[in-house]
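Work through the exercises below with the sequence and the structure open. Try each task before reading its solution.

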Amino acid sequence: MLRRVLPQFARVLTGGLGAYAYDIDKVGISFHRAAWQQWPAPQRAAVREFLHAWWAHTLLTPDPAVPVHELLPLCAEASADIGPWLAVWEDLRHPVADRHLTDMIDEWEWDLLEDALPWRSWFVWSEEETEDVRTELAAWLVREAPARLRATGAPSELRHAVRLLGLPHADRWEDPHAPRHRYA
């Protein structure tokens with residue numbers, strides 16, 4: 001059914017789902033369950049092109065209809081792979097894309113520091129695959145985010161949170177810059 005409604009659905013998705021925005025976390029799973037990567041080549045290419053165009057456009061849009069911290073999980077789940085989406089972001093050297101990175105880290109800081117994937121992904125990946133996705137995301141942030149956070153003037157707490165991601169979990173909380181309000 002997704003194949004038949006995709007053109008109309010794409011218009012609704014890029015507009016933010018309106019009153020149904022609370023369901024955005026189900027969209028990636030819906031794409032995944034539709035097994036679009038098994039569709040005939042032209043249809044598969046159309047879905048891939050749509051997702052990539054939406055992702056790139058969102059990264060460069062100051063106030064997108066779907067926030068980046070919601071669209072990244074959607075794209076990763078739809079494709080069952082986070083790598084291509086992080087690669088697009090890495091290639092986009094733009095102040096708006098950097099601002100979105102700052103906002104995403106701010107939104108996800110606690111989950112990341114607790115070694116948790118910052119969104120629920122029950123239907124796409126196994127527990128081991130979920131851990132692989134989380135590890136890939138954290139490694140990408142440790143490598144990619146520091147310069148971009150400095151460029152956006154992000155608070156030092158966020159810059160330290162990213163640095164802490166590069167430490168073993170137990171060592172994070174002994175660091176002098178570990179977030180202390182966690183225990184407050």
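A salt bridge is a side-chain nitrogen of Lys or Arg within 4 Å of a carboxyl oxygen of Asp or Glu. Residues are numbered from 1 along each chain as its sequence is written, and side-chain values use heavy atoms, with hydrogens and water left out.

**Exercise 1.** Find the salt bridge between D115 and R172 and state where its two residues lie.

Solution. 
- Step 1: the side chains of D115 and R172 meet at 2.9 Å, N to O.
- Step 2: D115 is in the loop between α6 and α7, and R172 is in helix α9 (residues 169–172), 57 residues apart. Helices here are DSSP runs (H or I, at least four residues), numbered from the N terminus.
- Step 3: R172 is buried, with a relative accessible area of 4%, whereas D115 is partly exposed at 26%. Buried means under 20% relative accessible area, exposed over 50% and partly exposed in between (1.4 Å probe, protein chains only).

**Exercise 2.** Which parts does the salt bridge of R148 and D98 tie together?

Solution. 
- Step 1: the side chains of R148 and D98 form a salt bridge of 3.2 Å, N to O.
- Step 2: R148 lies in helix α7 and D98 in helix α6, so the pair ties together parts that are 50 residues apart in sequence.
- Step 3: R148 is buried at 2% relative accessible area, and D98 is buried at 11%.

**Exercise 3.** Decide how the buried residues of α3 are placed around its axis.

Solution. 
- Step 1: the buried residues in α3 include V47, F50, L51, W54 and W55.

**Exercise 4.** Where is confidence lowest, and where is it highest?

Solution. 
- Step 1: the protein averages a pLDDT of 87, and 84% of the residues score at least 70.
- Step 2: confidence is lowest in helix α1 (residues 2–14), at a mean of 58, and highest in α5, at 98.
- Step 3: where pLDDT is low, the predicted coordinates should not be read in detail.

Terms used: This is a predicted model: local features need pLDDT of at least 70, side-chain atom pairs count only at pLDDT 80 or more; totals for chains, interfaces and linings use all residues. pLDDT is the predictor's confidence in each residue, from 0 to 100.
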